[in-house]
Amino acid sequence: MTIEQNKIVYDHILVRFGELSTKGKNRKDFIKKLLINVRNALRDFDALSYERTHDRMYIILNGEDHEAVAERLKKVFGISSFSFAIKVKTDMEVIQKTCLKVAQETEGSTFKVEARRSFKMFPLVSDEINRAVAGEILRNTDWKVNVKTPDLRIQIEVHEDATYIMTGKIKGNGGYPVGVGGKALVMLSGGIDSPVAAYLTMKRGVAIECIHYASPPYTSDAAQDKVLDLARAIAPYQGHIRVHIIPFTDLQLAIYKHCDESYAITLMRRMMYRIAQKVSEKQNCLAIVNGESIGQVASQTLESMQTINCVTDMPTIRPVACLDKLEIIDISKKIGTYDISIQPFEDCCTIFTPKNPVTKPTRHKAEKLESRFDFETLIDECIANMESIDVYPSAQENDSEDIF
């Protein structure tokens with residue numbers, strides 16, 4: 001315990017793993033990856049140090065601002081919850097005095113004590129610890145016990161080497177540590193849906209790279225900057241994101257020159273999937289991810305998805321496929337991408353949208369139209385002229401450990 005001007009200062013943050021506890025033999029690898037990701041997220045805090053046990057991670061603050069550290073931790077996947085903690089000796093008198101100090105410095109009128117004794121040689125069991133601490137507070141303050149809805153909840157974890165005293169639990173981001181599930185390539189447009197799909201993919205432990213299709217001069221530099229801003233907004237959940245910019249203009253113009261306008265979006269999407277597969281293979285990505293939501297636009301009917309998706313044999317993940325628009329918008333606001341997505345800079349799909357796109361395209365018709373021109377050469381040119389940009393969170397240095 002440290003005291004500044006008679007006030008207790010938190011010296012630790014206790015991190016709980018949550019869903020990782022179900023991972024059996026892989027658990028150690030998951031926790032190791034989580035520690036790497038936590039270090040990356042907190043790399044600006046030079047004084048921090050770390051300890052790891054089989055069911056907890058401890059961040060030793062060493063004077064760093066616990067609130068500032070918490071804001072970064074909230075974005076790390078794989079954390080169920082975390083608490084600000086005071087580390088004291090495993091001694092009943094010290095525990096009682098520290099908990100009393102916490103109560104005296106906290107506003108409210110009711111409290112509850114919750115002890116967890118992992119050190120079984122400690123002379124008091126958990127319920128006896130609860131009673132001893134509550135008695136100390138009741139004798140020396142006006143606080144009352146309320147076990148159902150207390151104003152103050154004091155949590156005590158008793159270990160052999162030390163005891164941790166906490167007064168609250170902050171919800172983590174859940175999921176798995178980014179990187180434990182391999183890597184996928186996200187088709188990142190400038191819209192609302194694809195950044196949300198990227199976020200949900202990372203939550204399941206899958207690291208991402210992104211691919212964006214640009215059509216200069218029909219799309220502007222501002223449209224590309226918007227996509228990079230979206231990548232920057234979701235980068236804190238991973239550490240950094242590599243964005244591959246594909247010059248798509250010549251391929252799009254060839255589609256409009258040789259094919260029926262009603263099939264233009266279908267063929268463009270088929271080309272995008274072909275390019276995405278080639279880039280995925282080059283970058284060791286195991287799946288393609290997009291922001292398609294069933295029935296939202298003509299290219300997202302089941303018939304369209306089938307006709308478009310058949311050009312690739314890679315798994316295609318659609319995290320928002322069964323969400324409605326309002327649900328997707330809610331998530332986009334939560335992760336800070338909504339205001340960027342609604343900026344009025346059009347991407348290659350919106351620029352070239354036909355007046356009457358087909359909603360039930362067939363594979364046979366798409367292949368017949370594609371046979372009219374040499375799209376394979378154009379695809380190879382797109383990839384040869386691809387530009388790759390590493391995007392990092394704002395105000396952070398690009399020195400993170402590689403999670404891929």
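Student: Hi! Which residues of α4 are buried?
Tutor: Hello! The buried residues of α4 are Ile129, Asn130, Ala132, Val133, Ala134, Gly135, Glu136 and Ile137. Keep in mind that this is a predicted model.

Student: Thanks. What do those buried residues pack against?
Tutor: They pack against helix α3 (92-104) and the strands β7 (110-117) and β9 (152-158).

Student: And how far does α4 reach from its first C-alpha to its last?
Tutor: Helix α4 covers residues 126-140, which makes 15 residues, and it reaches 22 Å. That is close to the 21 Å expected at 1.5 Å a residue.

Student: You mentioned α3. Where is Cys99 placed?
Tutor: Cys99 is in helix α3.

Student: Is Cys99 buried or exposed?
Tutor: Cys99 is buried, and its relative accessible area is 0%.

Student: What is Cys99 in contact with, leaving aside its neighbours within four places in sequence?
Tutor: Its contacts are Val133, Ile137, Ile154, Ile156 and Ile165. Val133 and Ile137 are also among the buried residues of α4.

Student: What separates the C-alpha atoms of Cys99 and Val113?
Tutor: Those two C-alpha atoms are 9.2 Å apart, with the residues 14 apart along the chain.

Student: Staying with cysteines, how many disulfides does the count come to?
Tutor: The count comes to zero disulfides.

Student: Which is it for Cys259 and for Cys322, buried or exposed?
Tutor: Cys259 is buried, with a relative accessible area of 9%. Cys322 is exposed, with a relative accessible area of 69%.

Student: New topic: α8. How many residues does it have, and what is its reach?
Tutor: Helix α8 (residues 264-282) has 19 residues and reaches 27 Å from its first C-alpha to its last. The expected value, at 1.5 Å a residue, is also given as 27 Å, so the two are close by the definition of the expected span.

Student: How many residues of α8 are buried?
Tutor: Of its 19 residues, 16 are buried, so α8 counts as mostly covered when buried is taken as under 20% relative accessible area.

Student: What follows α8?
Tutor: Asn284 follows α8, and its phi is positive, near 60 degrees. Asn284 lies in the loop between α8 and β15 (288-289).

Student: Is Asn284 buried or exposed?
Tutor: Asn284 is exposed, with a relative accessible area of 61%.

Student: What about Asn62, what is its phi?
Tutor: Phi of Asn62 is near 50 degrees, a positive value in a residue other than glycine. Most residues other than glycine have a negative phi.

Student: Where is Asn62 found?
Tutor: Asn62 is in the loop between β5 (56-60) and α2 (66-73). Asn62 is partly exposed, at 47% relative accessible area.

Student: While we're on backbone geometry, which is the peptide bond from Pro216 to Pro217, cis or trans?
Tutor: That bond is cis, with omega near 5 degrees. Pro217 is found in the loop between β13 (207-214) and α6 (221-234).

Student: One more loop. Where is Gly182, and what does Gly182 touch?
Tutor: Gly182 is in the loop between β11 (170-174) and β12 (183-187). Not counting residues up to four places away in sequence, Gly182 touches Gly205, Val206, Ala207 and Leu286. Gly182 is partly exposed, with a relative accessible area of 25%.

Student: Zooming out, how many helices and strands does the protein have?
Tutor: There are 14 helices and 17 strands. The C-alpha atoms fill a box of roughly 85 × 40 × 40 Å along the principal axes.

Student: And what share of the residues is buried?
Tutor: Of the 404 residues, 54% count as buried. The accessible surface comes to about 18800 Å², and 48% of that surface belongs to carbon and sulfur atoms.

Student: How many positive and negative side chains are there?
Tutor: The protein has 52 positive and 55 negative side chains, and the centres of the two sets lie 6 Å apart.

Student: Last one: what share of the contacts between residues at least 6 apart in sequence joins residues at least 24 apart?
Tutor: For those contacts, the share is 79%.

Notes. Residues are numbered from 1 along each chain as its sequence is written. This is a predicted model: local features need pLDDT of at least 70, side-chain atom pairs count only at pLDDT 80 or more; totals for chains, interfaces and linings use all residues. Side-chain values use heavy atoms; hydrogens and water are left out. Helices (H or I, at least four residues) and strands (E, at least two) are DSSP runs, numbered from the N terminus. Buried means under 20% relative accessible area, exposed over 50%, partly exposed in between (1.4 Å probe, protein chains only). Contact means heavy atoms within 4.5 Å. Accessible areas come from the Shrake-Rupley method with a 1.4 Å probe; for residues, only the protein chains shown count as cover. Lys and Arg count as positive and Asp and Glu as negative; His and the chain ends are not counted. The place of a charge is taken as NZ of Lys, CZ of Arg, CG of Asp or CD of Glu. A disulfide is a pair of cysteine sulfur atoms within 2.5 Å.
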